[in-house]
Amino acid sequence: MHRPDEEKTAFITPEGTYCYMVMPFGLKNVGATYQRLVNKMFQDLSGSKLEVYIDDMLAKTESGEQLVSNLNLIMSTLRKHQMRLNPTKCAFGMEAGKFLGFMITQRGVEANPEKCRAVLEMTSPKNLEDIQKLTGQLTALSRFLGASAQKAIPFFKLMKKGAPFKWETECEEVFQHFKRVLVEPPILAKPLTGETLYLHLSIMEEALAAALIRENEKKEQKSVYFISKVLQDTETHYSRLEKLAFALLIASRRLRQYFQAHSMTVRTDQAVKQVLQKPDLAGRMLAWSIELSQFDIKFEPRYAIKAQAMTDFITEMTPGDSTPESWKLHVNGSSNITSGGAGVILESQNGVVIKQSVRYEFPVSNNQAEYEALLAGLALAREVGAKVLEANTDSQVVSSQINGDYHTRDPLLQQYLAKVNKLKEGFERVTIQHVPRERNARADLLSKLASTKPGHGNKLLIQEVVRSPSVSTTTNAHLTLSNQGSWTHPILQYLLDETLPPDPKEGKRIKREAANYTVVAGQLYKRIFSQPLLKCVEPENTEYILREIHEGCCGHHVGGKTLAQKIIRAGYFWPTVIRDSIQIVKSCDKCQKHTNIHQAAPHQLSIISAERPFGTWGIDLVGPFPTAPGQLRYLIVAIDYYTKWIEAEPLASITAAQCRKFLRRQIITRFGIPEIVISDNGTQFADKKFREFLEGLRISHRFSSVEHPQTNGQMESANKIIVKALKKRLDEAKGLWADELGSVLWSYRTTSQMTTGETPFRLTYGVEAVIPVEIGDPSPSSSY
């Protein structure tokens, strides 16, 4: 024990007071502390020559000749740090040994024979205690048991509270099944550094399972890990695609060390990739997609499972035959004078229903709207991985032209027909048929809603806005020659064409980074946790965004890091955004001329807490300023302590009547009656009528210290922000300060504050404000 810490472990006995001189294992944080200790001691040996977990140490070597030299290094390290070993618990030169409850051999990781024997020698359970003992033993061996959770469901039902104990034939069959498996449990392989691992997923009605395998050069499959989980009541109601995505999420959490150290390939015949990578996800699927985006995960069709240990592993939700699942598509388009809309409904045989509403913000004819709706439906079907599709439309012209019954003479419709035929090539079989309008009523309703008014906030269907016709763009339109030198070009190449740079290291980096990006309508977007999508900005456009936010009509010359945060909150991203923001502040003459001189407080500041928004306000007067038009020379400022929202108004004179008018008009009528108002003891605030005005509304009026106005530090900080921002914006034209006040307040309210982590505008209204830069270079929030 560290000597100053010995007294902290003191305890009292009848014989006296004692303390520990060595670290005991009974204290709460000893395990983690000891693990940090051994990690630091063996940091040069851990992983290559030694594995350490608390007090279990395993020295490993591939040949006997290296054993002595490795042990010499380990013993020298132990001697250096004065650590002692118990000789009775040490064993040397072993080809197999027990570590963390498993048998480690040259063949791989094997189940502990003692734990297997305990299950094999166990008789059929007679009561609840026996069932709990059995499930505990099976849980310890679940790494070697494929889909054990599904098999053990009869055991879990007996353990439910209030359930009568009745050992039936089904329970006995499951018990004997586990015994047969544990007679010769599978040997799990150890993955090699950097190799790709393969994940097989399985979902059932009440459980899910996953099997992690590796393949050698001969394509021989070896099991690495089995996991399984019983679904909770709410989880059993997930759709089948949601269950499959949930199984992948659970596998990434339980096998996090494998997902972080290896590239992972998920072998599945289901449309998990297409669903997780859709930009318009919502709810839990969006959260799962963001959490999984941190790993290097690829998807490929499922092959035959050849590993002997996996022959009993339950297959996925689809049957083993090669018959593809059939999907049914209903589309309808509508148009008006200025715009149009499309309704798309995609249904699978398994009951999965996907609804999409598309609004076209360009003039379209009726036939053009029908073609646009069909193209949107075909694209959606391709995204979910459909191979066999039955498309239904109530437009006889469109269906007859595609089926060859009508000749297409309109050049525009010829382009649409060519694009439909090109999309049909991605399916095994597509049938397009005409149906009466009454049989297409749901899609018709969606299209009319989209064409008449834009829907916002409806999470039950996918909503999209299209601003240009489909025939005027191609899939790779964003990959132009002008951006080949851009940082977005290799990522777009990989996402659109799966093309990687020739350099292996660079290719691996691009694959890893591409998991955090997605392409929507040819535009690259970055996924982050705080908001759904960030627009990736080309190098030639960064200067405009930086200048507009820093010194535009909604900018007050904020610092570098704050500027970068404001750019990201507005919905923009590029890799050097922080560095570029700091550089533009350093090169700004006004920022350098009027920079803040940071002075740390001589003692710890006292915190004034606010219990609710707009409950506590600070108010103060600033001035005199240079005379502005209208003889304005003073400024009255108020700040809410909770949201940091600032209200300010220029005044020609400072009187108690003006203060009352400002408080009533700018605060009370807009934000409600506050509980507390804090001010200094100036004559305007100490005025009898001002105090009576506050008392009449039962507002508590508090004064800051006479000699120390810093006691109302939040108010002084607001004054400093406004004055500094006005100086930076005006430079020499001081008389225009009243005209620039609105821009300064707008910029401040849309800038995140360090104390809250949010902008005052968002804390006040619940959403972020749209700022001018989002109009000049449309951001995701202003575009969609």
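1. Strand E20 (residues 523–527) and E21 pair in the antiparallel sense, over three bridges. Strands here are DSSP runs of E with at least two residues, helices are runs of H or I with at least four residues, and both are numbered from the N terminus. Two strands count as paired if DSSP finds at least two bridges between them.

2. A word on the source. This is a predicted model, in which local features need pLDDT of at least 70 and side-chain atom pairs count only at pLDDT 80 or more, while totals for chains, interfaces and linings use all residues. Residues are numbered from 1 along each chain as its sequence is written, and side-chain values use heavy atoms, with hydrogens and water left out.

3. E20 and E21 belong to an open sheet of four strands. The order is E19-E20-E21-E22, and the pairing is mixed. Strand E19 (517–520) and strand E22 (572–573) stand at the edges. Each has a single partner strand, so one side of each is left without a neighbour in the sheet.

4. On to E21 itself. Strand E21 (residues 533–536) runs parallel to E22, joined by two bridges. Lys535 stands opposite Tyr572 in E22. Both faces of E21 are covered. Leu533 and Lys535 are buried on one side, Leu534 and Cys536 on the other. Buried means under 20% relative accessible area, exposed means over 50%, and partly exposed lies in between (1.4 Å probe, protein chains only).

5. Now the whole chain. The protein has 784 residues, and 45% of them count as buried. Its secondary structure comes to 29 helices and 27 strands. Take contacts, meaning heavy atoms within 4.5 Å. Among those between residues at least 6 apart in sequence, 63% join residues at least 24 apart. The protein exposes about 42,600 Å², with carbon and sulfur atoms supplying 51% of it. Accessible areas come from the Shrake-Rupley method with a 1.4 Å probe; for residues, only the protein chains shown count as cover.

6. Which residues have the most contacts inside the largest nonpolar core? They are Leu346, Tyr371, Leu374, Leu389 and Ile402, in a core of 37 residues. The elements giving two or more residues to this core include strand E13 (326–335), helix H13 (366–383), strand E16 (388–393) and strand E17 (429–434). H13 gives the most, with nine residues. A nonpolar core is a set of buried Ala, Val, Leu, Ile, Met, Phe, Trp, Tyr and Cys residues joined through side-chain atoms within 4.5 Å. In soluble globular proteins, nonpolar side chains tend to be buried together.

7. Tyr371 is worth a look. Not counting residues up to four places away in sequence, Tyr371 touches Val398, Gln401, Ile402, Leu413, Tyr416, Leu417 and Val420. A second, separate core has 34 residues, including Leu199, Leu231, Leu255 and Tyr258.

8. E16 is mostly covered, with five of its six residues buried. E13 and E16 run parallel, joined by six bridges. Leu329 stands opposite Ala391 in E16. E16 also pairs with E17 in the parallel sense, over six bridges. There, Thr393 has His434 in E17 as its bridge partner.

9. Helix H12 (residues 284–292) has Met285, Trp288, Ser289, Ile290 and Leu292 as its buried residues. What covers them? The cover includes helix H9 (240–254), helix H11 (272–276), strand E12 (297–300) and E20.

10. Leaving aside neighbours within four places in sequence, Thr265 is in contact with Thr196, Leu197, Tyr198, Leu199, Lys298 and Glu300.

11. Thr755 lies in the loop between helix H26 (737–749) and helix H27 (760–765). Thr755 counts as exposed, because its relative accessibility is 63%. Thr643 is 112 residues away along the chain, and the C-alpha atoms of Thr755 and Thr643 are separated by 9.8 Å.

12. Tyr20 sits in the loop between strand E2 (16–18) and helix H2 (30–41). Tyr20 counts as partly exposed, at 34% relative accessibility.
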